[in-house]
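Please walk through this structure with me, beginning with the way one chain is divided and ending with its partner.

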Amino acid sequence: MRNYILILSFTFTLSSHAQRSDFKEINFQRADNIANQYKGEELYNLPLLVHNLTAPLHTDVERFRAIYYWVCHNISGDYDLMYRTDRARKNLKNDPESLAVWNATFKKEVFVRLRNKKETLCTGYAYLVKEMSNLAGLECEIVNGKGPTNKMKFEDLDGPNHSWNAIKLHGKWYLCDPTWSSGVIDMSAFLFEFNYEDTYFLMEPSTFAEDHQPLDTRWLLLAQDTLVIMTVPKVKVSSRVTIKQ
Amino acid sequence: MKTQCTSTKQRVLQTLGFFGLFMTFAMSVTPMYAQTAERTVAGVVNSIDGPVFGATVMLKGTAIGAISNEKGEFTFPQELQENDVLVVSYLGYETDEVTITGNTTFVKPFLEDIPIVIIAALRTKTAETSSDKIPN
């Protein structure tokens, strides 16, 4: 009987998508306050910044929240880097060797600008969230893929154009997009404006998939649907047994 | 009676003497042990691009650390002991961890390049409003 209850509870755990509502009981105000307290800090001593942001917090999700909130409120999007990336990728589309050389050189410039000016493009946002999370002892990955905006569709994009993150919290992977959370580029002046959008923080995977298509489809994190289908009979059996008792 | 008193006094003095000797021995041994276990650690941080200026070298699990100079050199501000782990990082490189072993007094962390692919394409359609998000 105890085993059936265990299977039942495990099945329900698997059937829920990893999303922000998993942490309903947690108030992120403390994490946000700490992030605000360190607003304007530089990236020269990243481990210390991570320590300051996370040490007073008690749960992994709060630690990640402080990092995410800080990045989204302190790192600006850079139109120039984005434009040059786009141009280079189009020009070198049929020359993979030159593209690799360009990437190796350009990434150095991207990191220098991120470190010195706190300006970047989506890869830089995703990298910084991953690096800071790793320094806080959290598993975090960069996910590359298509991220159509405005009235675009996935088919309108030739290849991957966007990067975001997957973060493992309390044994489950979650999705978030620090670039789109941080703000927007005003296309009339090509300038970045901070405009925090909280919905991309641990967004429910099927909603996230509406405008995020990862190159590696495992990062859709919809695979748990399959688990649900597979485990449905178990739920029925265990439920029946529970009722009999 | 007198003799008995004297022998009791002697025993007390003897015990105190032994205790004193023991304490002297214990106190002289502890610092010697500490001297061999803890040591000042220095090092130089390198990468494929050469010495790394401004790399952070932190004692894992603490906020104690050092920053490398223009030659990539650093001296850790606190004495370290066996199994202490130094976390060496610099934005744009893989983080390296160095474990202090045996009589380590000099370490040479090497920061590998990050195999990151920079992507960010512009939209293929013209923006219709100024507040549209675009993938950075």
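**Domains, a helix and an interface**

Within chain A, 4 residues of domain 1 are in contact with 7 residues of domain 2, two residues being in contact if their C-beta atoms, placed from the backbone, lie within 7 Å. On the side of domain 1 of chain A that touches domain 2 of chain A, the residues divide into 2 nonpolar, 2 polar and no charged, where Ala, Val, Leu, Ile, Met, Phe, Trp, Tyr, Cys and Pro count as nonpolar, Asp, Glu, Lys and Arg as charged, and the others, Gly among them, as polar. Domain 1 of chain A consists of 1-17 + 222-245, and domain 2 of 23-221; such bounds come from an automatic or database domain assignment.

This is a predicted model, in which local features need pLDDT of at least 70 and side-chain atom pairs count only at pLDDT 80 or more, while totals for chains, interfaces and linings use all residues. Residues are numbered from 1 along each chain as its sequence is written, and chains are lettered from A and ligands numbered from 1 in the order in which they are written.

Helix α7 of chain A, residues 122-135, has 14 residues and reaches 20 Å from its first C-alpha to its last, close to the 20 Å expected at 1.5 Å a residue; the expected span is 1.5 Å times one less than the number of residues. Helices (H or I, at least four residues) and strands (E, at least two) are DSSP runs, numbered from the N terminus. Of the 14 residues of α7(A), 13 are buried, a residue being buried if 20 or more other C-beta atoms lie within 10 Å of its own, exposed if 12 or fewer, and partly exposed in between. Just after α7(A), G137(A) takes a positive phi of about 85°.

Further along chain A, M152(A) lies in the loop between β3 (140-146) and β4 (162-169). M152(A) is partly exposed because 19 other C-beta atoms lie within 10 Å. Its C-alpha atom is separated by 9.5 Å from that of D211(A), 59 residues apart along the chain.

Turning to the interface, 48 residues of chain A are in contact with 30 residues of chain B. To the side of chain A that touches chain B, α6(A) gives the most, with 7 residues, and the residues of that side divide into 23 nonpolar, 17 polar and 8 charged.

Chain B itself has 1 helix and 10 strands, and buried residues make up 30% of its 136 residues.
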